[in-house]
Amino acid sequence: MSTSKNIFATLKGDRSIWAITAFLALFSFLPVFSASSNLAYLYGGNGDTFPYLLRHFMHLVLGFAIIYGVHKVPSHYFKGLSIIGIPIVIILLIITMAQGTVIDGSNASRWIKVPFVGITFQTSTLASVVLMIYIARYLSRIKDKTITFKESILPLWVPVALILGMILPANFSTTAIMFVMVLTLVFLGGYPIKYLSIIVATGLLALTLFVLAAKAFPGVFPNRVDTWISRIDSFSDDEDSEGDYQIEKAKIAIATGGLVGMGPGKSIQKNFLPQSSSDFIYAIIVEEFGLIGGLTLLVMYLLLLFRILVIANKAPTVFGKLAVIGVGIPIVFQALINMAVAVELFPVTGQTLPLVSSGGTSIWMTCLAIGIILSVSVKRDEVRVKEEEEMNPLDILSEAI
């Protein structure tokens with residue numbers, strides 16, 4: 001008992017964030033274990049689900065170790081770390097593009113294989129966190145200055161353009177989400193709106209030129225643009241097609257779940273959904289736990305959003321406020337997109353459900369972001385305690401006596 005108390009005593013920061021994160025992680029074992037029963041028979045497997053569950057467990061253990069380690073780092077340290085991180089992620093993205101693979105004829109340059117370990121790592125997720133912290137640092141530095149568009153191009157928009165430009169060829173959905181989050185952060189950071197219109201127009205022009213170039217030279221980016229167009233066409237077209245297969249199976253799963261679901265592990269559509277443990281895990285959750293389970297999960301993410309906004313509002317520094325928003329809002333935004341895809345409110349994007357879907361990189365980078373949020377909340381608590389001590393000099397005197 002005393003050991004557990006000592007462990008919890010070392011956990012600093014917002015307790016609600018800790019509780020929500022722990023709930024999502026613990027809950028994830030049920031749908032991941034259920035979906036893995038199908039994966040265990042694919043590709044010549046023997047039906048053993050334990051390795052999949054053990055792998056997910058190890059991903060979460062490492063994820064919580066990341067949260068614990070990062071939340072102990074003083075939040076202002078992340079300013080300097082972001083400057084170091086930007087060139088590192090750019091190098092990693094270049095390496096990723098260089099050694100990218102082709103899966104079923106499509107460019108899948110999203111992962112980098114870590115030497116000696118043999119695991120793959122999706123560099124775009126790390127780039128997203130580092131970029132948001134870097135932008136928060138820049139915006140906090142120009143808070144009281146009159147900035148011109150020309151002055152912001154090199155320190156702000158060049159790193160953004162480089163990173164998004166290298167992610168775009170292999171992962172349009174991640175690029176689009178990052179671009180929207182960048183615009184949101186710079187808007188909240190007080191960047192002039194008249195300049196944002198230039199950035200939006202430039203981004204749309206760059207995307208158009210890329211699509212035209214990919215169409216003109218299909219051998220450079222195999223099938224990626226065609227994949228984007230087919231997904232949008234499938235989403236907007238009322239007629240069923242081969243591209244609608246996953247969505248149709250997801251909707252069947254959700255309709256089958258009803259109010260209370262079929263029960264843990266009793267999903268049927270997990271046997272037909274190719275990405276049942278990652279991209280479409282929300283459909284499996286609703287099928288097994290019903291509308292109640294699906295809404296509970298939605299409420300947990302909304303609670304996470306609420307606590308993120310509370311921490312940002314009470315953060316003692318401008319950098320802390322922007323850093324929390326920059327790394328926190330994308331977690332909830334990604335979760336909402338994943339859920340929206342499952343109910344056909346959004347085209348298929350390939351975005352996972354944070355902390356619930358299987359996959360190491362997604363879990364680790366989400367945990368990195370949560371660790372940063374908790375680090376800022378720790379700083380807020382320290383400032384509050386200091387203010388309370390300064391407001392109660394008699395208490396300080398009595399302790400000294």
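Reader: How many helices and strands does the chain have?

Author: The predicted chain has 14 helices and four strands.

Reader: What describes two packed helices?

Author: Two numbers do: the angle between their axes and the distance between those axes. Take helix 4 (residues 77–98) and helix 6 (residues 149–167). Their packing angle is about 25°, and the axes are 10 Å apart. Angles under 35 degrees count as roughly parallel, so helix 4 is roughly parallel to helix 6.

Reader: Is the crossing of helix 4 and helix 6 left-handed or right-handed?

Author: Left-handed.

Reader: Which residues make the contact?

Author: Helix 4 supplies I86, V89, I90, L93, I94 and M97. Helix 6 supplies P159, L162, I163, M166 and I167. By class, this contact has eleven nonpolar residues, with no polar and no charged ones.

Reader: Now a loop residue. Where does D279 lie?

Author: D279 sits in the loop between helix 10 (245–257) and helix 11 (281–314).

Reader: Why does D279 count as buried?

Author: Buried means under 20% relative accessible area. D279 counts as buried because its relative accessibility is 18%.

Reader: What does D279 touch?

Author: Leaving out residues up to four places away in sequence, D279 touches N338, G350, Q351 and T352.

Reader: And the totals for the chain?

Author: Of the 401 residues, 47% are buried. The chain exposes about 20,000 Å². Carbon and sulfur atoms supply 68% of that area. Take contacts between residues at least 6 apart in sequence: 73% of them join residues at least 24 apart.

Note on methods:
Residues are numbered from 1 along each chain as its sequence is written. This is a predicted model: local features need pLDDT of at least 70, side-chain atom pairs count only at pLDDT 80 or more; totals for chains, interfaces and linings use all residues. Side-chain values use heavy atoms; hydrogens and water are left out. Axes are lines fitted to C-alpha atoms, for helices over the stretch in contact, and angles run from 0 to 180 degrees between N-to-C directions. Helices (H or I, at least four residues) and strands (E, at least two) are DSSP runs, numbered from the N terminus. Angles under 35 degrees count as roughly parallel, over 145 as roughly antiparallel, 65 to 115 as roughly perpendicular and the rest as oblique. A crossing is left-handed if the near helix is turned anticlockwise from the far one by less than a right angle, and right-handed if clockwise. Contact means heavy atoms within 4.5 Å. Ala, Val, Leu, Ile, Met, Phe, Trp, Tyr, Cys and Pro count as nonpolar, Asp, Glu, Lys and Arg as charged, and the others, Gly among them, as polar. Buried means under 20% relative accessible area, exposed over 50%, partly exposed in between (1.4 Å probe, protein chains only). Accessible areas come from the Shrake-Rupley method with a 1.4 Å probe; for residues, only the protein chains shown count as cover.
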